[in-house]
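Look through the sequence and the model shown here before reading on. The report after them takes up the parts in turn.

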Amino acid sequence: EMAKEGAGFAGFAAGDIGQGPHSPDLMAIPDFRSTTILPWRPNIAWVAGNAFVEGKSTSYCPRTIFQKQIAKAADLGYVFKTGVEPEFFLVSERGGQYAPWDPTDVASKPCYDLRVLSHNLDLCTTLVKYMQELGWDPYANDHEDANCQFEINWTYSDCLTTADRHVFFRHMVKQAAEARGLVATFMPKPFANLTGNGAHFHMSLWDK
């Protein structure tokens, strides 16, 4: 039933996606190739989907837009592959404001700082373990250029798989941080005085 009819949402409530308060439901049709069992709660699965309205794909669906470009590349005989290096901050609330959570992570050049990375090993190794269980083949994890900023990399894949995994990765990091009383943010520039979060992309065209 889910594969055929999808899950219904009031599109107007979900943001600026071309729907008014009286528009028909936006239906999310799952792509079960993206099914991901939550490593921290194995009775729940996450799945990416495409948006439809009254049986027709909507031009506001970023996944559908992406798949059209993938199809154009395939018609030319190409497979587009990508890898991503997402950065994130771990922060906590103090005095009504958010700040890097670790009070000892204060170096002006903290990149690759093993000492403060060790303060976050429980969280980082948990995330790596999850990614190994999911078969993503993670290969690098480090303290980045700003205080309490980290990065975990996994092996590249076809661009749609990487995109779906990137979306799930952000959810997974936030859940793991919340379980430890922290907040993870991927905001580009959460602190004016610190290096912002980036997401390097590696892109390649392969002969189909």
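The sections below go from the whole chain to its helices, cores, pockets and a few single residues.

## Overall layout

This is a predicted model. The protein contains five helices and 13 strands. Its C-alpha trace spans about 55 × 45 × 35 Å along the principal axes.

Of the 208 residues in the protein, 38% are buried. Among contacts with a separation of 6 or more, 62% join residues 24 or more positions apart.

## Helix α5

Helix α5 covers residues 159-178, which is 20 residues. From its first C-alpha to its last it reaches 29 Å, close to the 28 Å expected at 1.5 Å a residue.

The buried residues of α5 include Cys 159, Leu 160, Thr 162, Asp 164 and His 166. Further along α5, Phe 168, Phe 169, Met 172, Val 173, Ala 176 and Ala 177 are buried too. An α-helix has 3.6 residues a turn, so residues three or four places apart point the same way. Phe 169, Met 172, Val 173 and Ala 176 are among the buried residues of α5, and they can be followed along the helix with that spacing in mind.

In soluble globular proteins, nonpolar side chains tend to be buried together. The largest nonpolar core here has 26 residues, and Phe 88, Leu 127, Phe 169 and Met 172 touch the most other members. At least two residues of this core come from each of β7 (78-94), α4 (121-133), β10 (149-154) and α5. Helix α5 gives the most, with six residues.

Which residues does Phe 88 touch, leaving aside its neighbours within four places in sequence? Phe 88 is in contact with Leu 127, Cys 148, Gln 149, Phe 150, Glu 151, Phe 169, Val 173, Thr 185, Phe 186 and Asn 197.

The largest pocket holds about 570 Å³ of space. It is lined by 24 residues, and the closest to its centre are Ala 28, Gly 49, Asn 50, Ala 51 and Cys 61. Two or more lining residues come from each of β1 (7-9), β2 (26-30), β5 (49-53), α2 (62-75) and α5. By class, this lining has 19 nonpolar, three polar and two charged residues.

The second largest pocket holds about 440 Å³. Its lining has 24 residues, of which Arg 33, Asp 158, Leu 160, Thr 161 and Asp 164 lie nearest the centre. Each of α2, β7 and α5 supplies at least two lining residues, and the largest share, six residues, comes from α5. By class, the lining of the second largest pocket has twelve nonpolar, five polar and seven charged residues.

## Helix α2

The 14 residues of α2 should span 20 Å at 1.5 Å a residue, and its end C-alpha atoms are 20 Å apart, which agrees. Arg 63, Thr 64 and Ala 73 are buried in α2. What covers the buried residues of this helix includes β5, β6 (56-57), β7 and α5. Just after α2, Gly 77 takes a positive phi of about 90°.

Leaving aside neighbours within four places in sequence, Thr 64 is in contact with Asn 50 and Ser 57.

## Two further residues

Val 128 is found in helix α4. Its C-alpha atom is 9.2 Å from that of Trp 154, a residue 26 places away along the chain. Leaving aside neighbours within four places in sequence, Val 128 is in contact with Pro 138 and Ile 152.

Leu 182 sits in the loop between α5 and β12 (183-185). Beyond its neighbours within four places in sequence, Leu 182 is in contact with Val 91, Ser 92, Trp 101 and Ala 177. The C-alpha atoms of Leu 182 and Phe 89 are separated by 9.9 Å, although the two are 93 residues apart along the chain.

Methods: Residues are numbered from 1 along each chain as its sequence is written. This is a predicted model: local features need pLDDT of at least 70, side-chain atom pairs count only at pLDDT 80 or more; totals for chains, interfaces and linings use all residues. Side-chain values use heavy atoms; hydrogens and water are left out. Helices (H or I, at least four residues) and strands (E, at least two) are DSSP runs, numbered from the N terminus. The expected span of a helix is 1.5 Å times one less than its number of residues. Buried means under 20% relative accessible area, exposed over 50%, partly exposed in between (1.4 Å probe, protein chains only). A nonpolar core is a set of buried Ala, Val, Leu, Ile, Met, Phe, Trp, Tyr and Cys residues joined through side-chain atoms within 4.5 Å. Contact means heavy atoms within 4.5 Å. On a 1 Å grid over the protein atoms alone, a cavity is a set of points where a 1.4 Å probe fits but cannot get out, and a pocket is an open set with protein on both sides within 12 Å along at least five of seven lines; lining residues have an atom within 4 Å of a point. Grid points are joined across faces, edges and corners, and a volume is the space filled by probe spheres set on the points. Ala, Val, Leu, Ile, Met, Phe, Trp, Tyr, Cys and Pro count as nonpolar, Asp, Glu, Lys and Arg as charged, and the others, Gly among them, as polar.
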